[in-house]
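This briefing is for a reader meeting the structure for the first time. Please look over the sequence and the model before reading on.

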Amino acid sequence: MNSAPLTVRQARVPVALLPPGFAAPLDPDDPAALCDIALRDGKIGLVSLAAATPLAPGEFDAAGRLVFPAFVEAHTHLDKAHTWCRAPNRTGTFMDALTTLARDKPHQTPADLRLRADFALRSAWAHGTRVVRTHVDSDLAAAEHRHAVMAELRAAWSGRIALQTVSLCNGADYTTPAGEKISDLAVRHGASALGGFLQMSAGLPHQLDRLVAIARERRLGLDLHVDENGDAQSECLRAVAEAVLRHAFPFPVVCGHCCSLALQSPARQRETIGLVKAARLGIISLPLCNLYLQDRRAAGDSRAPQWRGLAPILDLLAAGVPVACAGDNVRDAFYPYGDLDALEVYTQSVRLAHLDADLATSVRVVTSTAADLVGRPEFGRIAPGAPARLVVLAARSFSELLSRPGMSRLCIDGGEIHSPTAPSYDELRAAGLMTYPLPR
Ligand SMILES: [Zn+2]
């Protein structure tokens with residue numbers, strides 16, 4: 001990264017991302033403050049209210065545009081990204097997503113994984129994201145090459161995007177020798193946390209006991225897929241909180257999805273959220289994917305969906321539980337759309353989850369809270385010592401920002417101001433990724 005000094009003048013910075021105690025006036029409808037930001041040696045230096053002095057050489061005039069810290073994508077699946085055209089999920093249901101991607105697995109060679117994941121990372125880069133956490137399918141048959149490819153990409157992207165990996169397998173695997181093998185393999189390839197998808201069963205507490213023990217031995221936190229369904233009886237989140245409390249598990253634990261929590265009775269939901277808070281869990285909501293998959297009817301049943309499918313984000317936030325929002329799947333059988341664009345995730349999350357109830361803090365879901373939950377708290381803030389990674393948006397107010405899809409933006413990385421473009425789909429087309437649906 002070019003670390004030449006640069007001062008960004010007249011930047012409208014979301015107040016919730018400024019240093020604690022920074023005295024800035026707060027307009028709840030447009031919660032940003034006009035600031036000057038000094039960048040030096042690849043880091044943010046002084047952040048101050050904008051001065052009225054004329055622009056000097058070496059200064060960049062943001063001209064009152066909104067300036068965010070680089071975004072953090074806290075939960076995606078790079079190994080599945082961009083498989084939709086060859087492996088479309090024609091019913092759009094969760095079950096068909098699983099079976100469709102299982103049929104696609106033979107196509108997911110190291111070269112194929114590398115091509116699709118790198119394409120996705122270039123999109124993330126162009127959209128201003130500098131930390132990406134991906135879950136990696138870790139069934140033992142394919143885990144080695146999948147994690148190896150992600151480790152290769154981590155090295156290739158080092159200095160541009162911090163790429164984190166999390167193992168993804170069935171929670172029940174942790175009660176068998178496979179669980180330890182998967183964990184060791186993931187750790188060997190630099191995983192940031194152990195993960196898995198949990199399902200309600202009598203054995204769930206035992207699975208979690210094992211998982212917590214395995215993670216503790218390896219001094220790693222957990223990042224789990226829980227309750228991605230509309231069944232109020234699905235209470236894996238509660239089981240995770242109870243396991244963390246039971247074992248006084250000291251490493252960070254985040255739970256993704258948590259959809260069914262929204263369907264529990266208010267009393268039960270409050271109680272579960274209380275346990276989540278006591279266990280210091282973080283929640284990652286995946287609004288775009290949930291909106292697509294949840295409450296989708298089986299083929300032949302044309303009833304409209306009755307609920308959004310999202311975790312109760314406002315209730316969690318009101319209880320003091322940290323909540324990030326992330327993009328989850330990108331152009332695969334779980335979600336046929338998306339482009340690793342955290343700004344899209346943010347604007348859609350505001351609309352879907354009514355985050356505009358508190359617009360000022362809403363920005364944290366793809367910045368500071370997302371950074372905290374993936375263990376990179378130096379990101380997602382505009383504060384002294386934070387990485388000099390900024391996104392300058394073509395909007396001078398939140399109303400403008402939230403109203404226009406595909407908002408254009410400039411990226412600032414150290415002393416470099418640039419406007420990277422997302423890769424062309426023609427690359428995927430040339431590689432045959434847009435053209436050959438698998439046989440039904
Ligand atoms: Zn996921």
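The model is predicted. Its chain is assigned two domains: domain 1 (6-68 + 381-418) and domain 2 (71-373). Taken over C-alpha atoms, the centres of domain 1 and domain 2 are 30 Å apart.

**Contact between the domains**

- Domain 1 brings 17 residues to the contact, and domain 2 brings 13 residues.
- On the side of domain 1 that touches domain 2, at least two residues each come from strand S14 (389-393), helix H13 (398-403) and strand S15 (409-413).
- That side of domain 1 is made up of 13 nonpolar residues and four charged ones, with no polar residues.

**The largest nonpolar core**

- The largest nonpolar core holds 133 residues.
- The members that touch the most other members are Val8, Val67, Val240, Leu281, Ile283 and Ala370.
- Residues of this core come from both domain 1 (6-68 + 381-418) and domain 2 (71-373), so the core lies between them.
- Leaving aside residues up to four places away in sequence, Ala370 touches Val72, Ala74, Ala324, Ala326, Val365 and Gly380.

**A four-stranded sheet**

- An open sheet is formed by four strands in the order S5-S14-S15-S16, with antiparallel pairing.
- Strand S5 (67-69) and strand S16 (416-418) are at the edges and have a single partner strand each, so one side of each has no neighbour in the sheet.
- From one strand to the next, the twist averages 25°.
- The antiparallel pairing of S14 and S15 runs over five bridges.
- Arg389 is placed opposite Asp413, which belongs to S15.

**Val374, a loop residue**

- Val374 is found in the loop that runs between helix H12 (368-373) and S14.
- Val374 counts as buried because it has 30 C-beta neighbours inside 10 Å, where 20 or more are needed.
- Beyond residues up to four places away in sequence, Val374 touches Val72, Ala74, Val131, Arg133, Gln164 and Ser192.
- Thr7 and Val374 are separated by 367 residues in sequence, and their C-alpha atoms are 29 Å apart in space.

Note on methods
Residues numbered from 1 in each chain as written. Predicted model: local features only at pLDDT ≥ 70, side-chain atom pairs only at ≥ 80, totals over all residues. Domains from an automatic or database assignment. Contact = placed C-beta atoms within 7 Å. Nonpolar A, V, L, I, M, F, W, Y, C, P; charged D, E, K, R; others polar. Core = buried A, V, L, I, M, F, W, Y, C linked by C-beta atoms within 7 Å. Buried ≥ 20, exposed ≤ 12 C-beta atoms within 10 Å, placed from the backbone. Pairing = 2+ DSSP bridges. Axes fitted to C-alpha atoms, helices over the stretch in contact; angles between N-to-C directions.
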